Amino acid sequence: MYLWYDTKNKKECISDRYINCTVCDSHFSCTSSDCEDYEKYIKGNYIYHTGDIGSALVSLIPLDIKELKKQITDLCMPYIYKKINKEIDVYNWLDNFSNIKNQISNYYDIFYSISPLQSFYWRYIYELEQQRSISKNKEIFKYNLKHTFLDFEYIIAYINSCIKDQTFYDVKKYDFADRYYFETEERLSSWELDTIDLNYNIPRGNRAVDFNNPNEFIKDLNEKYQIKKKEQDERFKIYDKVYYIEHLSEFARVSLHEILKAEYKFKLCENCGIAFIPYNRSDTIYCDRPSPQDSYKTCKEYGARKAYQNNLNSNESMKLYRNIYMQKQMLSKRNPDIESYQKDFQNYKTQSKKWKNNIKLGLNTEDEYYSWLKDLRRKDNN
């Protein structure tokens, strides 16, 4: 999977090669000799996500790791018993595991490419082949499932620390923490690729150049360059940095590194209580993720509606304004042929708007507005 960054405009993109050739439908075995549109397949990238730097990671912060582990366990455990009982061999796991991965991806779309199951599979599958007892299989399963998500949980802990302690926004401090915590030869920089390789569709690790004949290469350079320029994928030309990553932990580590370099700040959403990045305005208080109270609304939509309702209930002027509004609107809708009702409703909206503007400008007070509304209500009731 490729994680692209446009550092100037602070944008990101997630893409991946098509698993199957879109022409001959072969799986990783498509060649120029048996596929009429081989070149198109080789440079084909499917885009999973585009947005502001860090927006993909922010969308995963609310992820319920405990629930996800339970789902994986429920889906995988039956195959452990089948393997122990020799109903399937270890290689059948690959097909079964693909089905499990697809089911998990239905819950979390972005996992179709950033799959925590991929690292879990390679951790566990070879150990499984060597074991015969159910208890030992379960022990290995639980251990590897726990460690599959530890890196991601570390990243979430670091993000929450940024909100409490501003010094955690120092990208050098994060890079130090990354190296110190993971204690591995893997480095963030080791996943970074040369964008030229992908933009010009040059096979990684295989330049297909005769190094013993530089003059021949130079002679054909103009022709080769023009051919490759035509093959460029215009969608990715704006990006100046790209990483190749395979697992959830790598995705999270790279994403947080780029978020800190872009100098974004985290806040806690006042509706869901989970960290997010206020991209457009620093005084934003709600995130754009699905609200836990109503999945059909974002926290921003749900929170704004709730705040309005609370304000309506606590503010006598707004409450009275709303009651009069609903009454006049009902008369207008039920009696479309009575012109006086239509005019009265429009006049009320116009006058109310004027009163609110005057209050903002300091020309009238909230108490004066409330008195005007009460007089209007008395007149309507007489």
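Visitor: Is Lys 300 buried, exposed or partly exposed?
Guide: Lys 300 counts as partly exposed, because its relative accessibility is 36%. Buried means under 20% relative accessible area, exposed means over 50%, and partly exposed lies in between, with a 1.4 Å probe and protein chains only.

Visitor: What kind of model is this, and how are residues numbered?
Guide: This is a predicted model, in which local features need pLDDT of at least 70 and side-chain atom pairs count only at pLDDT 80 or more, while totals for chains, interfaces and linings use all residues. Residues are numbered from 1 along each chain as its sequence is written, and side-chain values use heavy atoms, with hydrogens and water left out.

Visitor: Which residue does Lys 300 form a salt bridge with?
Guide: The partner of Lys 300 is Asp 288, and their closest N and O atoms are 3.2 Å apart. A salt bridge here is a side-chain nitrogen of Lys or Arg within 4 Å of a carboxyl oxygen of Asp or Glu.

Visitor: Where do the two residues of that pair lie?
Guide: Lys 300 belongs to helix α11 (residues 299-314), and Asp 288 to the loop between β7 and α11, 12 residues apart. Helices (H or I, at least four residues) and strands (E, at least two) are DSSP runs numbered from the N terminus. Asp 288 is exposed because its relative accessible area is 54%.

Visitor: How many salt bridges does a search of the whole structure find?
Guide: The search finds 10. Three residues, Lys 328, Asp 344 and Asp 380, are linked in a network of them.

Visitor: What are the N to O distances from Lys 328 to Asp 344 and to Asp 380?
Guide: The closest N and O atoms of Asp 344 and Lys 328 are 2.6 Å apart.

Visitor: Is Lys 328 buried or exposed?
Guide: Lys 328 is buried, because its relative accessible area is 5%. Asp 344 is partly exposed because its value is 33%, and Asp 380 is partly exposed because its value is 32%.

Visitor: Which residues of α13 are buried?
Guide: They are Phe 345, Tyr 348, Ser 352, Trp 355 and Asn 358. Among the elements that cover them are α12 (316-334) and α14 (366-381); contact means heavy atoms within 4.5 Å.

Visitor: What is the length of α13 from its first C-alpha to its last?
Guide: Helix α13 (residues 339-361) has 23 residues and reaches 33 Å, close to the 33 Å expected at 1.5 Å a residue. The expected span is 1.5 Å times one less than the number of residues in the helix. Just after α13, Gly 362 has a positive phi of about 85°.

Visitor: Changing topic: which residues touch the most other members of the largest nonpolar core?
Guide: Among its 48 residues, those are Leu 57, Phe 152, Ile 159, Phe 251, Leu 256 and Phe 266. Helix α6 gives the most to this core, with 10 residues. A nonpolar core is a set of buried Ala, Val, Leu, Ile, Met, Phe, Trp, Tyr and Cys residues joined through side-chain atoms within 4.5 Å.

Visitor: What does Phe 266 touch?
Guide: Leaving out residues up to four places away in sequence, Phe 266 touches several residues, including Val 58, Ile 159, Tyr 169, Leu 256 and Phe 276. There is also a second, separate core of 11 residues that includes Leu 320, Ile 324, Tyr 348 and Tyr 369.

Visitor: How many residues of α10 are buried?
Guide: In α10, 13 of the 14 residues are buried. Glu 263, which follows this helix, has a positive phi near 65°.

Visitor: And which residues make the nonpolar surface patch?
Guide: Phe 217, Ile 218, Leu 221 and Tyr 225 make a patch of about 350 Å². Patches are made of residues with over 30% relative accessible area and no salt bridge, with like charges joined within 9 Å and nonpolar side chains (Val, Leu, Ile, Met, Phe, Trp, Tyr) within 5 Å. Accessible areas come from the Shrake-Rupley method with a 1.4 Å probe, and for residues only the protein chains shown count as cover. Ile 218 lies in helix α9 (residues 214-231) and is exposed, because its relative accessible area is 54%.
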